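Please keep the sequence and the three-dimensional view at hand while reading.

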Amino acid sequence: MTDNSLDSPDSATVGEVAYRRIRSDIVLGRLTPGCRLPLERMKETYGASVGTLRELFSRLATEGLLVAEGARGFQVSAVSSANLREVASMRLLLESHGLKESFQRGDLEWEGRVVAAYHKLATMEKRMAAGDLSPSETWRQYDWAFHVALISACGSALLLQTYASICDKYLRYQMIAAIFRGEEAADEHRLLLESALARDWQRAQQTLTTHVEDCVTQMASVLDAA
């Protein structure tokens, strides 16, 4: 996951802790699309007052993760294959540019981050390919950590911040559709690593495009069938 703080809140304020928990539950699919969030019931779940929750829900609505229903409160935003493709297109735009900039700027420390992130992801993918599908959330976290490491030397804090927001929306679709592409995705991750070490950003962009578009095709099929 792009924002590891989602499951590890360290803020001293009750409101911020509640915000991170709610956001995590939405992104990771624990709160399902269309689910209504009654303030009275949610205050017990998240340990925050009704007033605080209303502010947090409004904040999440501006991020597109919740929808305000006026007097009826809030509900989790719906999903659709059309919106998935829009999110994926923005992800590709940002990440492709980030790959080029990062590969050209990256130093030995950057290489170390990429290799370390890849090792964790590849190890998890081998376990899942062997039949252990239980650690899906951890796998997704390692997946995103690798992609973030690849563009981490891009030199643009704004790009990384915007990318993180888009990635959370994309991750939500991944968790809802529950797609595991197995060896195919693992091979693409290996190609991305090799491209990074060779500083071949053009090959990396081509691999990324295939990586995302194939995943979107499968996820959209699941969404349309549902």
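At what angle do the axes of helix α2 and helix α3 cross? In this predicted model, the axes of α2 (residues 39-46) and α3 (residues 50-62) cross at roughly 95 degrees and come within 9 Å. An angle from 65 to 115 degrees counts as roughly perpendicular, and α2 and α3 are therefore roughly perpendicular to each other. On the side of α2, the contact is made by L39, E40, M42, K43 and Y46, and on the side of α3 by V50, L53, R54 and F57. Sorted by class, the residues of this contact comprise 6 nonpolar and 3 charged ones, with no polar residue.

A second helix pair may be examined in the same terms. Two packed helices are described by the angle between their axes and the distance between the axes. For helix α4 (residues 81-105) and helix α7 (residues 157-177), the angle is about 145 degrees and the axes are 9 Å apart. The crossing of α4 past α7 is left-handed. In the contact of α4 with α7, 10 residues are nonpolar, 4 are polar and 3 are charged.

The largest nonpolar core contains 65 residues. Within this core, the residues with the most contacts are I22, L53, F57, F146, Y170 and M219. Helix α7 supplies the largest share of the core, namely 9 residues.

What does I22 touch, leaving aside its neighbours within four places in sequence? The contacts of I22 are then L31, Y46, L53, L56, F57 and L60.

A178 is not a glycine, yet its phi is positive, near 55 degrees. This residue lies in the loop between α7 and α8 (183-198). The relative accessibility of A178 is 62%; because the exposed class begins over 50%, A178 counts as exposed. R199 likewise has a positive phi, of about 60 degrees, although R199 is not a glycine. R199 is placed in the loop between α8 and α9. With a relative accessible area of 27%, R199 is partly exposed.

T210 is found in helix α9 (residues 201-225) and is partly exposed, at a relative accessible area of 36%. Its C-alpha atom lies 9.6 Å from that of A185, and T210 and A185 are 25 residues apart in sequence. V67 is part of strand β1 (residues 66-68) and is partly exposed, with a relative accessible area of 38%. Neighbours within four places in sequence left aside, V67 is in contact with G73, F74, Q75 and S77. By C-alpha atoms, V67 and T207 are separated by 35 Å, and they are 140 residues apart along the chain.

Key: Residues numbered from 1 in each chain as written. Predicted model: local features only at pLDDT ≥ 70, side-chain atom pairs only at ≥ 80, totals over all residues. Heavy atoms only, no water. Axes fitted to C-alpha atoms, helices over the stretch in contact; angles between N-to-C directions. Helix = DSSP H or I, 4+ residues; strand = E, 2+ residues; numbered from the N terminus. Left-handed = near helix turned anticlockwise from the far one by under 90°. Nonpolar A, V, L, I, M, F, W, Y, C, P; charged D, E, K, R; others polar. Core = buried A, V, L, I, M, F, W, Y, C linked by side-chain atoms within 4.5 Å. Buried < 20%, exposed > 50% of the residue type's maximum accessible area, 1.4 Å probe, protein only. Contact = heavy atoms within 4.5 Å. Parallel < 35°, antiparallel > 145°, perpendicular 65-115°, else oblique.
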